[in-house]
Amino acid sequence: MVFSPKPFQQVEINGSMYHFAEHSEKSGETYFQEGTHGTIHQLVRQADNKLFALKIMKSSFRHPYLLEQANQLQKYTHIKGLSACDWMIIEPINSKQLVKEYSELLYAIVMPWVDGVSWSEILFNKQAIRLEESRQLGRAFLAVMIKLEKERIAHSQLSAENLIVDDKLQSVECIELEHFYSAHLEVPDLWENELNGYMSQYQLKREAKMDRFAGGILLAEMLAWHDVGIREAAWGNSYFDPSLSQTDERFEILKISLENTYGLQAGELISRLWYSKTIDECPSFQEWNNMLLTKHGDSEVEQDTVSALDTKQEQTVEIHEKIKPISDMEEAENESIGRTKVESLLETNSQDLKEGHKILGIFDQKNDKGRRAYHYMWFAAWVIVGVSSLFSLIMYLV
C-alpha cells in the first residue's frame, strides 16, 4: 500500500502513538518537506505533544546501514547543533505492523523536529541582518564546527539547505546527516557519489577534515551577511554559484567585506581556503575562531589607545594652564608685591617649568613654532630668575 498520510492520522512507532501534523497554511494537508534523501513529515507525539520529524527515505537510501549509523550518531546528541543526531529507525523489530502495512516506511527515521529556517532561505530572501547578528550567527556555527573537528567527525554534506537557523539568529542546527563521517562508519558505495553542497574539486576522500572547505565558505557568508553589498551579490539560495568557479567576482566582494569588518587576517583565511589545492591547506575552524578572538582583542587595544590619547591631551592642557602664572608673576613684580610672595611664586613656577620641560615632547623642535615656543619658555625663565635675584640683592642692601 502506498503511504499517503492525512492530517491527524495516527501511527504507532516503537510503542508510542503519534499523529501527523496539519499544515498551518494548507488545511487538509500534512506538513512535509522534500529533502535530499527523502520526504520529511512532521509528527506530534501524543503523550507530550512534542514535535518530531519522520523521514521516509528514497528507495536508494533505504538501507540497513542506517541502523548502525543511528547507533553511532547517538554518541553525539549532546553536542549543541546536532540534536538531529537522535535517530530512531523504523524496522520490523520495533514497528512490525507498521512496516508490514507500509513497506516504504522500512528504515524511515524518526528524530527531533528542528524549528527555524534554513540558511538558504535567508540567502534567497536576502534577509537583512545587523552586524551583531551576523557575528553571533557566525560564532554559533563556528562553535558547532570546532566541536565536530575536535571529535574527528564531519557532517560531509554542509550546504545552506542543511543548516537551520533559529528565529533570533543565535543558534545553528545541522540536518541531513545520512553522510555523517566517523572513523567507525563506512558509507555504502552507492552513496559515495551523492555528495552535495559546497564541495571542492579535490575532495574525494572521506575524512575528519572534509568540512573545512564548505564550512569555511558558509562561515564567511554568515560573518559578512550584514553587508548590503554581500546580499546584493548573492547568487540565489547560496552566496556562490554552486559551480564555485575561482574566477567568480563574488569572492573578491566577500574578501573585501571580511577585511573591512574583521581585519586583514580574515581576508587571508578566506583566500587560503578559496585557492587551496588540498584539504590540509584550508584553515581549521580553530584558526577562524582565533581570528575572531584576535579581532576582539584588537578592538580593546584600539579603545585603550583612544583613552591614552585622551589622557595625553588632558595632560597637555594642564601644562598650558600651569605656564599661565608666568605673566602673573611679572605683574606681581611690577606692582612690588614683596619678596616673600615673589620667591614663593618663583619656586612654584620653577617646578612647573621642570614639568613643562619633561613634556616638551608635545612641541616638535624640528617645527618653527615648536622651536619658538621652546626658546620663549627658557628666555622667560631666565628673566624671572634674574629679576628675582636683583630684587633680593636690593632688599639685602637696604
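Modeller: Begin with an open sheet of three strands, arranged in the order E8-E9-E10 with antiparallel pairing. Its edges are strand E8, residues 117–118, and strand E10, residues 172–174, each of which pairs on one side only. Bear in mind throughout that this is a predicted model.

Strands of a sheet pair through backbone hydrogen bonds, either parallel or antiparallel. Between E9 and E10 the pairing is antiparallel and runs over three bridges. To place the two strands against each other, find Ile164, which stands opposite Glu173 in E10. Helix H4 packs on this sheet and touches both E9 and E10, and its direction makes about 35° with that of E10.

Next, follow the chain out of that helix. The loop between helix H4 (131–151) and strand E9 (163–165) holds His155. Is His155 buried or exposed? Its relative accessibility is 1%, so His155 counts as buried, the limit for that word being under 20%. One goes to the backbone nitrogen of Gln157 at 2.9 Å, and another goes to the backbone nitrogen of Leu158 at 3.4 Å.

Which residues does His155 contact beyond its neighbours within four places in sequence? They are Leu148, Asn162, Cys174, Ile175, Glu176, Leu177, His179, Phe180, Tyr181 and Asp211. Of these contacts of His155, Leu148 falls within the residue range of H4, and Cys174 falls within that of the edge strand E10.

Now turn to the partners of H4 among the helices. Two packed helices are described by the angle between their axes and the distance between the axes. For H4 and H5, the axes come within 7 Å and cross at roughly 160°. The two helices are therefore roughly antiparallel to each other, an angle over 145 degrees being what that term requires. Their crossing is left-handed. On the H4 side, the residues that meet H5 are Ser134, Arg135, Leu137, Gly138, Phe141, Leu142 and Glu149. On the H5 side, they are Arg212, Gly215, Leu218, Leu219, Met222, Leu223 and Ala224.

Ala224 deserves a separate look. It belongs to helix H5, which spans residues 212–224. With a relative accessible area of 1%, Ala224 is buried. Leaving out residues up to four places away in sequence, Ala224 touches Ser134, Ile230, Leu254, Ser257 and Leu258. One of these contacts of Ala224, Ser134, is also listed where H4 meets H5. Ala224 and Ile253 are 29 residues apart along the chain, and their C-alpha atoms are separated by 10.0 Å.

The contact is made by Ala220, Leu223 and Ala224 of H5 together with Leu254, Ser257, Leu258 and Tyr262 of H7. Leu223 and Ala224 are also named among the H5 residues that meet H4. Like the crossing of H4 and H5, the crossing of H5 and H7 is left-handed.

Lys126 lies in the loop between helix H3 (119–124) and H4. Most residues other than glycine have a negative phi, and most peptide bonds are trans. Lys126 has a positive phi of about 50° although it is not a glycine. At 36% relative accessibility, Lys126 counts as partly exposed.

Another residue with a positive phi is Asn49, at about 60°, and it is not a glycine either. Asn49 lies in the loop between E4 and E5, in a hairpin that has four residues between its strands. The relative accessible area of Asn49 is 57%, so this residue is exposed.

Arg45 stands opposite Lys50 in E5. E5 covers residues 50–57 and is mostly covered, with six of its eight residues buried. E5 is also joined by four bridges to strand E7 (residues 109–112), and these two run antiparallel. In that pairing, Lys55 stands opposite Ile109 in E7.

Key
Residues numbered from 1 in each chain as written. Predicted model: local features only at pLDDT ≥ 70, side-chain atom pairs only at ≥ 80, totals over all residues. Heavy atoms only, no water. Buried < 20%, exposed > 50% of the residue type's maximum accessible area, 1.4 Å probe, protein only. Polar contact = N/O pair within 3.5 Å; in protein donor to acceptor, adjacent residues only side chain to side chain. Contact = heavy atoms within 4.5 Å. Pairing = 2+ DSSP bridges. Axes fitted to C-alpha atoms, helices over the stretch in contact; angles between N-to-C directions. Left-handed = near helix turned anticlockwise from the far one by under 90°. Parallel < 35°, antiparallel > 145°, perpendicular 65-115°, else oblique.
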